[in-house]
Amino acid sequence: MPFRVIASGVLVLMLSACVQNVEHTGQPVPGPARSAAASVPEIPSRVDEAAFWRIVETARVRGGGDPYDMAELLESWFADAQDRTLREFQRELIRASARLYTWRHGDAAEMMCGGVSDDVFTDWRSWVITLGRETYSRVAENPDNLADVEDLSEACDAGGEFFGAAAGLVHFRRHGDDDTFPVLEPDESPSGRRLTDPGAVRRALPRLAKRLPDDGLGRPPLPPD
């Protein structure tokens, strides 16, 4: 499972396509997501771990747990946030993602998605974060606990990517390509012991393997026990 992280311009190109309405004033430019929020919750100027999860949980409730809607809400809420707020949210997102950056979590992602690139593994970790703090914590402790997640269908689509890019997109709208903004992708190998035998991987994640009779969601996952 190749997790060697490489720099990718794909996301930058995608972000560039989203900012055709950028005003060259250095000020925040509202994107289409702005209309998605009926009311904007209070976004603290300083984002620590607790504040990060409050924001995620609020987006999860208002977005009905849909990663795309959660990303849209974050973009809207962050439209007028301070740059420092964006950076601190991003740093907490990176810390949360880093706890999932292990070979065993990568095995779970590959089992669910049928093979993952570095970018897909990053987006998969962002999807886990959208599940909320309690579920995230259980999955961080043991990826086999994903077997308890009722809906696994969104693990491998682009929802996690958009959620993980939300703060960066707002910052990009303001300042363009800024290589000082914290990046979500790690630059080292995952932690833990790597397994190369598919049978050993399934034995290491027995409950998740039971949910996924065919690796990569070749058929719909079975419901949780």
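In this predicted model, the cover over the buried residues of helix H5 includes helices H4 (83-99), H6 (118-130), H7 (133-141), H9 (198-204) and H10 (206-211). The buried set runs through Trp103, Arg104, His105, Gly106, Asp107, Ala108 and Ala109. Met111, Met112 and Cys113 complete that set. Just after H5, Gly114 adopts a positive phi of about 75°.

Aromatic contacts were examined next. A search of the whole structure returns eight aromatic pairs. One of them joins Phe52 and Trp53, with ring centres 5.1 Å apart. The planes of Phe52 and Trp53 meet at 80°, so this pair is edge-to-face. Phe52 and Trp53 are both buried.

Trp53 also pairs with Tyr136. Here the centres lie 5.0 Å apart and the planes stand at 40°, a tilted arrangement. The Trp53–Tyr136 pair links distant parts of the chain. Tyr136, like Trp53, is buried. Ring pairs link Phe52, Trp53, Phe78, Phe89 and Tyr136 into a cluster.

A charge–ring arrangement involves Arg125 and Phe121. The charged end of Arg125 sits over the Phe121 ring, 4.6 Å from the ring centre.

Key. Residues are numbered from 1 along each chain as its sequence is written. This is a predicted model: local features need pLDDT of at least 70, side-chain atom pairs count only at pLDDT 80 or more; totals for chains, interfaces and linings use all residues. Side-chain values use heavy atoms; hydrogens and water are left out. Buried means under 20% relative accessible area, exposed over 50%, partly exposed in between (1.4 Å probe, protein chains only). Helices (H or I, at least four residues) and strands (E, at least two) are DSSP runs, numbered from the N terminus. Contact means heavy atoms within 4.5 Å. Rings of Phe, Tyr and Trp (its six-membered ring) pair if their centres lie within 6.5 Å; planes under 30 degrees apart count as stacked, over 60 as edge-to-face and the rest as tilted. A charge sits over a ring if NZ of Lys or CZ of Arg is within 6 Å of the ring centre and within 35 degrees of the ring normal.
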